[in-house]
Amino acid sequence: MAKKQTAAADRLGIDDDPVFGYRALPGIADEMLDAQGNVRPVWQRLLSTLGRLDETELANRFARADRYLRDAGVFYRVYGGKDSSERSWPLSHIPVLIDENEWATVSQGLIQRAELLEKVVADIYGENRLVREGLLPPALVASNPEFLRPLVGVKPADGHFLQFISFEIGRGPDGNWWVLSDRTEAPSGAGFALENRVATTRAFSNLYAETHVHRLAGFFGAFRDTLQARKLHPDDRIAVLSPGIANETYFEHAYIARYLGFMLLEGEDLTVVGGRVMVRTVAGLKPVGVLWRRLDAAFADPLELNQSSHIGTPGIVEALRAGSVAIVNALGSGIVETRAFLAFMPAICRHLLGEDQKLPSIATWWCGQTSERAQVAANIDRMVIGPAYATRPLFDDNGQSVLGASLAEKDAASIAHWLDAEGGKLVGQEAVTLSTTPAWVRGRLTPRPMSLRVFAARTRDGWQIMPGGFARIGSGDDVAAIAMQAGGTAADVWIVSDRPVERTTLLPAEESFTRNMPGSLPSRAADNLFWLGRYIERAEGALRILRAWHGRFAETADPSLPLLQDVTDYLAALDIDTRQAVPDSLLANISSALFSAGNIRDRFSPDGWLALNDLSQTARKFHATVQSGDDATRAMTVLLRKLAGFAGLVHENMYRFTGWRFLSIGRYIERGLHMTRLLGHMSGPNAPDGAYDMLLEIGDSVMTHRRRYNVNTAALTVTDLLALDPLNPRSVLYQLNEIKTEVELLPNACVNGQMSPFYREAMRLHSGLAVMTPEAMNLGVYNRLERDLEELSNILANTYLG
Amino acid sequence: MLYDISLKITYGYEVPVSGGRHLVRVLPATLPGRQRLVVGSLSCHPVPAERSESVDFFANPFTAILFRSAHDDLVIRMQARVHVEPLPLTADFSADLSRLPMELAACWSVDPEAPHHFVGPSPLLADVPEIEAYARAVVTPGMTIRQIATAICARIHRDFVYDAEATTVNTTAAEAFELKRGVCQDFTHVMIVALRSLGIPAGYVSGFLRTIPPEGKERLEGADAMHAWVRIWCGTTAGWLELDPTNNIPAGTDHIVVGHGRDYGDVAPVIGVLKSYGGQKTEQAVDVIPVN
């Protein structure tokens, strides 16, 4: 054993030391080492695993975890200045290990706290005895931006305000845990905790199998079942309500919804009818009974709450008053997140529960009170001063808090004046020292400050604490470096038992296998899919015409040639400028496709998303560099290939259900329009020389034409092939044929034996064109067909997408 | 005084709107000791698909209306008969400004009438340092809150020009202060910000004002408009005081209250969320007619 460890240590380039030179920082508690510097028992197996690996093996294992996260498309958003960008998930690969007995004590403290918070919120929106009896200063309610007056007196449909909350906890220098902040509004991180778990077990699969680590699935399963039971009507939907793709944790919203089998909705998907919240789907309005919101409460209803909200649903507060929907957590619950509340919780706990808090929160003084303000002023060098109504913990509030010690050069009088003037807007909090945990930094284990986000869910058996959580690890020694926006990382948390643990999974057992069909498609998702189809096809149409144009331009270098001039005029009508090798409007088109796709990212694979991004980036690069002529021809070919790559991924991988049909119909309508317009413009009696050859090239039908007609290109054969041939996937008739097939399978295509207006119109267009002959096709026919196709798109929008 | 009040608000939409949901706060309130709504009714054209009545946090009744089908105009009509009690202006029992923090701290309540709702910034009214300086300039040591409020009211009335073209419903207090122009909403907002900057709780009152036609002229129908003025908390003993900075008078029997709030947003006559792609035009006609 000793020999083996020595060998491993040699390979890691560290002296003969069971902890590889890891040392706790003086005066700071450590997760792996106890106060005496001994390795805590739960960590020993991890250390011996690390001891058996050399650096290459370890790097491979970490790479496996990262690859999992990348392939799963885990991302978060970073905001800087005006822009925001997506970042890959920063996993700290070494998990944090905690003994289950210690965890049980933490859990008891947090359950008590959850019960207390529920009572406080219920009092604020109900009887208001805490204010009347002097336990809560009225200003903390009345001046609190999280206090939502329209919700006063509104009782939650199922009696509870809080259902899913989280706590930020840290371990102090004495080894005890402290609560740093409560998150009662719409806590994030639970989904990321799941992803951290999956990724970390990719790196340490054997270790995870050997160690008795409590599983997370049971916790989520219990919460899911509780929400299911909360529905007032059996056919009510349960949905995760997201602010949308621009939110920093959107990935998690989509992930949680999929994991638990709930719909993923945004405010715009919902409407309130007769006091009930309904989701707009392509099959009509469907009732929603439970909304697990990830949206800040004030934005939920632009009518009664924040009037500037564009992401809410007008009337939601009315539905809450009617008691027809349960929102998790109740709107307004965020009020107890505000920092100043921490100052009053100890007394409120004694008052309401008749006992002390089992898990203390960090010492906090609200500067709206004279004696507390004096206390803060007197101990300023041990304080952090921050906004009283901030909801984020002080190490993660974008620098709104100042360290009292940093004010040392100021004289006491000016500090006292500042505290007096700002008073109720400020809190002083004891400056925290967090424990450290090992992180793998530049080839060695390094102590880094850590805080833990722990989740609590109300289940049918009362509050349950997730056995694990979401550890945030600082990028340096500084506590402030924990914030992910400041380069912090995230780690999995293993609660370790010395006995085998129950292995639950949310994947259904084989014997209870059922094939669930996806639920009704929200209209907004259908709308985005439809337009994604149209934009993609529009881009392809433009690319094909431009490639043909530049190919001919390369031969003659004369844009005034009748054929080139003719196509230039045609493109100008579509806002495409041939003087630019890669025109602005083409980029705009691809951006629109990317935007539509971004709104429904959870509906196709990360590969598809990457392909579309690649197309967009390449087009941008070409826009800056590519010249007209041969260069542009080559560029268009590259872009067409990339576009085909995206289309192929979607075609090969997307589940053939309602969403697929809207995407496809979008493509068919746009392709039909493209070919109809083009034929109308280029196939008349006045068509310039070479127009028919060019049409065939744009329609990718040169070879087919040669094989089928065995004659030189002529008006009739080209018209036949590109307009009327039911087997040519580029012909207009082919598109109408496909639309007809898809339409039959859409919801409400027929109601009581009556065709829907969309179905009828699709049938009419198809049969109208199917009976045409090439001789009868002329500009008038094409113009009418173009109008009809546009109208078909409008009817679809009115029927399904409104 | 007994009044018959009628109000007609007309919205014309450039492009028909496909539906919409609105909150309407236009019916005069019943306020014991101040005024009583004898009878009142609200009607809309087109007829809404849904309609419900509620009372908001500040005890203002409101009507929620929902339209599901497309319409290109909307007419809201209100008719009410209101009895208004005279408000005798009593001796000044209001607190000294220096005593106000103590008075506030002694008030352990967040009921709708509690002053704490009206001290801080509110959704539409942020702190404005220039307005604070403007307010501080009128304060001398030993002044009571009523004296201060009356002085600020007079100063705004003197310094500001009533100008319906200068501002819109979305003009901020800071902008109106810069312009020194505006309508009752702007006068009221500036005065509220001024009072709050001194720590004095101040709120927004929306309502109607009876206007007296110039001597020898007939009263013109629809010449009146919805009005706004300020409500000031003068300490536990004196309670709330209402001053009208647009006219530099205390609110009296000519002032008929519709609602109380922190700023215009809490009591806007019509709040609406529409699905629309075009602009809209609004017209308002008000008649306040004394019943003999």
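**First stop: a helix pair in chain A**

Select A:Arg373, A:Val376 and A:Ala377 in H13(A); these residues meet A:Ala412, A:Ile415, A:Ala416, A:Leu419 and A:Asp420 in H14(A). Contact here requires C-beta atoms, placed from the backbone, to lie within 7 Å; helices (H or I, at least four residues) and strands (E, at least two) are DSSP runs, numbered from the N terminus. The model is predicted: local features need pLDDT of at least 70, side-chain atom pairs count only at pLDDT 80 or more, and totals for chains, interfaces and linings use all residues. Residues are numbered from 1 along each chain as its sequence is written, while chains are lettered from A and ligands numbered from 1 in the order in which they are written.

Next, display H13 (370–378) and H14 (412–422) of chain A whole: their axes come within 10 Å and cross at roughly 145° (lines fitted to C-alpha atoms over the stretch in contact, with angles from 0 to 180 degrees between N-to-C directions).

**Second stop: two domains in chain B**

Select 2–85 + 269–290 of chain B as domain 1 and 97–265 as domain 2, bounds that come from an automatic or database domain assignment. The C-alpha centres of these domains of chain B are 24 Å apart. Domain 1 of chain B brings 23 residues to the contact and domain 2 of chain B brings 16.

Finally, highlight S15(B), which supplies the largest share of the domain 1 side, 6 residues. That side divides into 17 nonpolar, 3 polar and 3 charged residues.

Key:
Contact = placed C-beta atoms within 7 Å. Nonpolar A, V, L, I, M, F, W, Y, C, P; charged D, E, K, R; others polar.
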